[in-house]
Amino acid sequence: MRHIDLRDCFSSGRAAVLVLAFSPAASAADLRTTSDLIAVGLPLGGAVMAWSRDDREGEWQLAKGVTTAMALTYGLKQIVDKERPNGDSHSFPSGHATAAFAGAGFIQQRYGWAAGAPAYAAAAFAAWSRVETDDHFAIDVVAGGLIGLAAAGLFTTEYNAPVSATLHYSPGAAQLLFSTSW
């Protein structure tokens, strides 16, 4: 039976951020702040998850994926220089969507859907909020999300938790138990 650690589902305060963001009083400034927190929080949450498992390989995979995704995104921003809906420049692709989906993609691909589903929900919210606040067009966040997911997929492998075996015995009975955590 697989054990689901709720700390994985809500690491980096993602649940609190989502509750705050969906509040009816959320203004454009609140949405921008929330998307900022998610864009930083998801990769940081992935790093905390890797660090808490002493998963050096995962830390390295996350670093390569996020760095590659962000380098590609900011390179494209300079080359394309598309105007944003609010009149600013460098709309395509969305850096917030890239970072959020690179983090979410790493979390899901490395540690599974129990941790990945809330991460994807947070990333989707960050992408939506960038369109809602007129910081990006939909194509900008879709492209950023795809770049983030592609980079995560390129570098991330599934985490294989160590397996341990324990022998329990008492007079007249013995058990050999295998356990793993992920």
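Accessible areas here come from the Shrake-Rupley method with a 1.4 Å probe, and for residues only the protein chains shown count as cover. This is a predicted model, in which local features need pLDDT of at least 70 and side-chain atom pairs count only at pLDDT 80 or more, while totals for chains, interfaces and linings use all residues. Residues are numbered from 1 along each chain as its sequence is written, and side-chain values use heavy atoms, with hydrogens and water left out.

**View 1. The whole chain and its surface.** The chain exposes about 9700 Å², of which carbon and sulfur atoms supply 65%. Seven helices and two strands are present, where helices (H or I, at least four residues) and strands (E, at least two) are DSSP runs numbered from the N terminus. Of the 182 residues, 43% are buried; buried means under 20% relative accessible area, exposed over 50%, and partly exposed in between (1.4 Å probe, protein chains only).

**View 2. Helix α3 and its kink.** Helix α3 (residues 28-52) has 25 residues and reaches 35 Å from its first C-alpha to its last, close to the 36 Å expected at 1.5 Å a residue, the expected span being 1.5 Å times one less than the number of residues. A kink of about 30° lies at G41, shortly before the proline P43; the bend at a residue is the angle between axes fitted to the seven residues ending there and the seven starting there. Among the buried residues of α3 are L31, I38, G41, P43 and M49.

**View 3. The salt bridge between R32 and D135.** The closest N and O atoms of R32 and D135 are 2.8 Å apart, in a salt bridge (a side-chain nitrogen of Lys or Arg within 4 Å of a carboxyl oxygen of Asp or Glu). Because R32 lies in helix α3 and D135 in the loop between α6 (113-132) and α7, the pair ties together parts that are 103 residues apart in sequence. R32 is partly exposed, with a relative accessible area of 29%, whereas D135, at 6%, counts as buried. R32, R130 and D135 are linked in a network of salt bridges.

**View 4. The salt bridge between K82 and D140.** The side chains of K82 and D140 meet in a salt bridge at 3.1 Å, N to O. This pair links distant parts of the chain, with K82 in the loop between α4 (56-80) and α5 (95-111) and D140 in helix α7, 58 residues apart. D140 is buried at 0% relative accessible area, while K82, at 24%, counts as partly exposed.
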